[in-house]
Amino acid sequence: MKFGTIFTKRCLVKRISTQDATPRYLSWLQDKEIKKNLAYSNIIKLKQLKSYIKRNVTDRNTLFLKICLKNNTHIGNIKIHKINKKKRSAFLGILIGEKKNWNLGIAQEIIHNVSNHLYKKFGISKIFLRVNTKHKNAIIAYQKSGFIFLEKYKK
């Protein structure tokens, strides 16, 4: 699936590559505060991170993107996966790994812009999320982006 760069007010969102598997990125996945809200929290080596990126970049039903500040500093990722063009649906997950960029509205800005892009470019009208109910900042960012919660799972 082709995906160009999205420019937002403060950031840009573009394709990620295995070259983005840096010690800094790996440190986000090892941070206890960040790790508790991640679906893929078992990555402990750069080699595993590169493999994870490669697997997602080559998956035809996944868009794995990096979030950068305007100065091109990588601060997080957004993953759109289980893309189903027939059902016009996808799942979305976001990680802002650089803690100094938390609580600034960047996640909401990215979610809003990427969701609009998915609708305009690919016709995706249903985006599903899995969110830890204790992760209040994520819930706020999703709600400010227009998401509504339909179901609550016990797991």
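Predicted model: local features only at pLDDT ≥ 70, side-chain atom pairs only at ≥ 80, totals over all residues.
I started with the strand order. The model has an open sheet of six strands, ordered S1-S2-S3-S4-S5-S6, and the pairing is mixed. I noted strand S1 (6-7) and strand S6 (126-129) as the edge strands, since each of them pairs on one side only. I then went through some of the pairings. Strand S2 (residues 11-15) and S3 run antiparallel and are joined by five bridges. S3 and strand S4 (residues 74-84) also run antiparallel, with six bridges. Strand S5 (residues 89-96) pairs with S6 in the parallel sense, over four bridges. For orientation in the viewer I wrote down a few partners. Lys-14 has Lys-66 in S3 as its bridge partner. Leu-65 is bridged to Ile-78 in S4. Ser-89 stands opposite Lys-126 in S6.

**Entry 2, strand S3 and its turn.** I asked how many of the residues of S3 are buried. The count is six of seven, so I recorded S3 as mostly covered under the cut-off of 20% relative accessible area. I followed the chain from S3 into S4 and found a hairpin with four residues between the strands. Asn-72, in the turn, has a positive phi of about 75°.

Is His-74 buried or exposed? Its relative accessible area is 15%, and the cut-off for buried is under 20%, so His-74 counts as buried. I checked its side chain for polar partners. A polar atom of that side chain lies 3.0 Å from the backbone oxygen of Gly-76. The side chain of His-74 also makes a polar contact with the side chain of Asn-77, at 2.8 Å. Leaving out residues up to four places away in sequence, I listed what His-74 touches; among them are Asp-20, Tyr-25, Trp-28, Lys-66 and Glu-98.

I found three aromatic pairs in the structure. Tyr-25 and Trp-28 are both buried.

I took Tyr-52 and Phe-64 next. Their ring centres are 5.6 Å apart with the planes at 90°, so the pair is edge-to-face. Tyr-52 belongs to helix H3 (residues 46-58) and Phe-64 to strand S3 (residues 63-69), so this pair ties together parts that are twelve residues apart in sequence. I found both Tyr-52 and Phe-64 buried.

I also noted a charge over a ring. The charged end of Lys-82 sits over the ring of Phe-91, 5.0 Å from the ring centre.

I asked how far helix H4 (residues 106-122) reaches from its first C-alpha to its last. H4 has 17 residues and reaches 23 Å, close to the 24 Å expected at 1.5 Å a residue. I listed its buried residues, including Ile-110, Ile-111, Val-114, Leu-118 and Phe-122. Glu-109 and Ser-115 are also among the buried residues of H4. Gly-123 follows H4, and its phi is positive, near 75°.

How values were computed
Residues numbered from 1 in each chain as written. Heavy atoms only, no water. Phe/Tyr/Trp six-rings, centres within 6.5 Å; stacked < 30°, edge-to-face > 60°. Buried < 20%, exposed > 50% of the residue type's maximum accessible area, 1.4 Å probe, protein only. Lys NZ or Arg CZ within 6 Å of the ring centre and 35° of its normal. Pairing = 2+ DSSP bridges. Polar contact = N/O pair within 3.5 Å; in protein donor to acceptor, adjacent residues only side chain to side chain. Contact = heavy atoms within 4.5 Å. Expected span 1.5 Å × (residues − 1).
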